[in-house]
Every structure is written in C-alpha cells, then in structure tokens.
Amino acid sequence: MHLNRITVETPIDEENPARGRTKKAYDLTSKDFFWSRNAGVPFPQVAEDIDTELTKYKDDANEITQKAGASSLEDLQTDNPNTSAQHLKAAITLLPELRERKAVLDMHMNIATALLKGIKDRQLDNFFQIEENITKQTKAMMLELLNDNSKGNQPMDKLRLFIIWFLSTEQEVSRAEMERFEEALTKAGADTTALVYVKK
C-alpha cells in the first residue's frame, strides 16, 4: 500500500488459474464506506463484514428488481410494459448507488482474497497463533521452528517471531544459544543486524 493505493495480484481467470495473474490497483478513499469502517479491524472480522455487505447488497438488489417487475438489475429498462412508472423511477434512482456499492464490495473482495493468499503463503495465521502463546515456547521449540523450512517463506516473519519470543521469555538465553538462534535465522535468510539492539 502506498498513498492509499493498493496493488494486488488477481487471477486472470478464476476457473483456470493456469492462465496467470494480473495486477490491479485500487484507490482507498475516505468516501469508501467499507474502508472507513474496517481499516483497523482484524482480518477475520473484515471477511465476515464483506459477506454481510454482499448479502445486504443482494437483498437490496432483489427488492428493487422485484418492485420494478424485473428479474435482475440489468433488466431494468424504461420500455418494459410490466413495470409501473413509480417503481421504475425508484429503481432507476437507486441503481447508481447500488452499482457503486457493488464496485466497492468487489474491490474489497479482491483485496481480501489477495490478503488471504498472502496470509496462507506466509503462514501468518500459524505465526499469529504462536505469538499469542509466545511465553509457552521453549528454546528448543523456537530453534526447531527457525530451522524448519516448511514454516513460512519469509525470513522477516521468523525474525519477528524470534524477537517477540526473546523479549517475552523469562528463560535465560546463553551466549552459545543466542549464536545458534542467530545462525538459524541467517540460514533462513533473515538480516540479523537488529538483534544487536535487541540483546542490549
């Protein structure tokens, strides 16, 4: 995210992921009702809110189309003889707002999908669970996690986890143990220069 512009990779074709991915850029503004309400909310709650808003949108769209006598928003036409003028006027008045709301929800759905992929790829959900119980982690458990290549693919995540553990643990870490931790982090690809300050 840079200056409220977020760029995410999305599949070119949802049914055929082999076709590749494309980058999409979205601008998040203060007029974006979903962003304003969910900017500081944990990801699982955002996912629930997207689902709630999509359901609300579908219900509103169905209500408008039923009142106007159409089968979908696209079918709302002024030359349809089955629609009353009053219901048609109300539907046409609400149509731009509904389309704008749908565009915002589609944007946030794409962003959430890309975030979920990143969370799963980096195993951030697993790191979060470990961080929640960080004081229960032993030195051996931490060393094993740092040495395990199947635990996350970003060295920075392992470094962050180790720093949180090191600052939270009540266990005494000897110089030799610290060297083993640093060696494991370096082997994982992490830049360990921050540990100089953490150890002080």
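Predicted model: local features only at pLDDT ≥ 70, side-chain atom pairs only at ≥ 80, totals over all residues.
Start by selecting Ala 61, which sits in helix H2 (residues 43-68); helices here are DSSP runs of H or I with at least four residues, numbered from the N terminus. Ala 61 is buried, at a relative accessible area of 9% (buried means under 20%, exposed over 50%, partly exposed in between, with a 1.4 Å probe and protein chains only).

Residues are numbered from 1 along each chain as its sequence is written, and side-chain values use heavy atoms, leaving out hydrogens and water.

Next, pick Phe 162 and Trp 165. These two have the most contacts inside the largest nonpolar core, a set of 20 residues (a core is made of buried Ala, Val, Leu, Ile, Met, Phe, Trp, Tyr and Cys joined through side-chain atoms within 4.5 Å). H4, helix H5 (139-147), H6, helix H7 (175-188) and helix H8 (195-198) each give this core at least two residues, and H6 has the largest share, with six. Apart from this core there is another, of 11 residues, including Val 46, Ile 50, Ile 64 and Leu 105.

Stay on Phe 162 and show its contacts (heavy atoms within 4.5 Å). Beyond its neighbours within four places in sequence, Phe 162 touches Met 142, Leu 146, Met 178, Phe 181, Leu 185 and Leu 195.

Now bring up H5 and H7. Their axes come within 8 Å and cross at roughly 20°; axes are lines fitted to C-alpha atoms, for helices over the stretch in contact, with angles from 0 to 180 degrees between N-to-C directions. H5 and H7 are therefore roughly parallel (angles under 35 degrees). On the H5 side, select Lys 139, Met 142, Leu 143, Leu 146 and Asn 147; facing them from H7 are Glu 177, Arg 180, Phe 181, Ala 184, Leu 185, Lys 187 and Ala 188.

Last stop: helix H4 (residues 124-132) against helix H6 (residues 155-168), packed at about 5° with axes 11 Å apart. That makes this pair roughly parallel. Leu 124, Phe 127, Ile 130 and Glu 131 of H4 meet Asp 157, Lys 158, Arg 160, Leu 161 and Ile 164 of H6.

Technical notes:
Parallel < 35°, antiparallel > 145°, perpendicular 65-115°, else oblique.
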